[in-house]
Amino acid sequence: MNSTPSSVLEDGHRELVEAFESFVRRELVPLAAELPETADQPPADLRAYVRKRSAALGFYAGDYPEELGGSGMPFTAVVLLHHAAGRSGCSLAPYALAGSDGPSPLLRHGTPEQIERYLTPLVRGEAARCLALTEPQAGSDAFRLTCTARRDGDGWVISGRKTFVSNADRADFALVVTATDLGEGPTGGATAFVLPMDQPGLRIGQRYEGMSGEPLFELVLEQVRVPMDAVIGGEQGVGAAMALAMDSLSRGRLVVAAMSNGVAEYALRLGVEYAREREAFGERIGNYQHVQEHLVRSRAEVEASKLLTLACARLVDEGTEAPENAALAKLTASETAVRVVDRSLQVHGATGWVRGHPLEFLYRYVRMMTIIEGTSEVQKVIVARAMGLG
Ligand SMILES: Cc1cc2nc3c(=O)[nH]c(=O)nc-3n(C[C@H](O)[C@H](O)[C@H](O)COP(=O)(O)OP(=O)(O)OC[C@H]3O[C@@H](n4cnc5c(N)ncnc54)[C@H](O)[C@@H]3O)c2cc1C
């Protein structure tokens, strides 16, 4: 690792990051090389293998406690691993770290039985889940839910539709967030349930093909009858989903920031390597100031973004989880990554535009970063409020 300003903040976790990079190089790169060049997403069984192998080595879900199968590492270390996964350029590396199909912080608020039955296999990489929060009329405004759970004797009956759900086709269970009806209509409070994917009344509806090959799904819930023990957190979880989700939002956003920084760094490396070799008008294109402008500006933005993300992660470890910090980091990193990938592709000309080139894939892949875990505009709303505006 060279000495960049941001590398100062990597001190203390260097051995861990190097061990992860070595795992990626020795085990994942050869597996990724066997995938067809134009396959955007690895097959589900390969993802499951990578997940389990990484968990056995202590990388996957590393910030979860050892008694659940994690490694109890600080959050800064998790952020650095996500960064390293993106920076590696290996298409399988992101699946070696817990993401949208991995252990959900929501389940940390589960009952002891829920933790043992659902969270522990997720931490060990032995199970996958999906999160069904978004609805056709409730995206950024995430808790304006119409999918409703109605109290029915000792249990609940859930009806409604969820949309844009990742991983639904290969999840073992779904975390479903609903409006709560205790008998007199929805109260406004949201309740989170954990449902096996083969739960009667629950089915996958429409499949949406995403830009980067990752499909999203509609989940249809028709009179789904569940017992009380399907409520995350049991009786105390009724109407409390928003409060349960709040403490994990910042961490999720910092992970997206780290992934974005890693992708940006990889894209920049490709751009610099190409600019050093490619010739036009009898000169290396890297000699032209217009090309240098793309790459130097990108370098400045990536370094600044990494510093911001790592500083925010360190604050989380020190006990400060201010939502506006994570919002600033996510906004900066995701928008930086979109710009940097775009510029590196431009530096490659047609070569970077051709299907099968890493930048062609990254151009489509990185676009989701400004939408997932809260859009850029929502991050700006959070920061504006923290500034006493609006
Ligand atoms: C790749 C991907 C994976 C996803 N996976 C999941 C998943 O697993 N589970 C799940 O539940 N959902 C998932 N989603 C959905 C995601 O959470 C939503 O797309 C996101 O919350 C935005 O909601 P929306 O798309 O309905 O946009 P909208 O909320 O309709 O927003 C449309 C536009 O209006 C802007 N806007 C909205 N409100 C404001 C405001 N107050 N101020 C300024 N601008 C505003 C937005 O920023 C955006 O530009 C996924 C989405 C993607 C792209």
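Here are some notes on the predicted model above.

1. Ground rules. Residues are numbered from 1 along each chain as its sequence is written, and because this is a predicted model, local features need pLDDT of at least 70 and side-chain atom pairs count only at pLDDT 80 or more, while totals for chains, interfaces and linings use all residues. Side-chain values use heavy atoms, with hydrogens and water left out.

2. Overall build. The protein has ten helices and nine strands (DSSP runs, H or I of at least four residues for helices and E of at least two for strands, numbered from the N terminus). Along the principal axes, the C-alpha atoms fill a box of roughly 80 × 50 × 40 Å.

3. Packing. Of the 390 residues, 52% are buried (under 20% relative accessible area, 1.4 Å probe, protein chains only). Take the contacts with a separation of 6 or more: 72% of them join residues 24 or more positions apart (contact means heavy atoms within 4.5 Å).

4. The core. The largest nonpolar core has 61 residues, and F20, L28, F75, L92 and L362 touch the most other members (a core is a set of buried Ala, Val, Leu, Ile, Met, Phe, Trp, Tyr and Cys residues joined through side-chain atoms within 4.5 Å). Helices supplying at least two residues each include α1 (14-33), α6 (289-317) and α7 (323-348), while α5 gives the most, with 14.

Methods
Buried means under 20% relative accessible area, exposed over 50%, partly exposed in between (1.4 Å probe, protein chains only).
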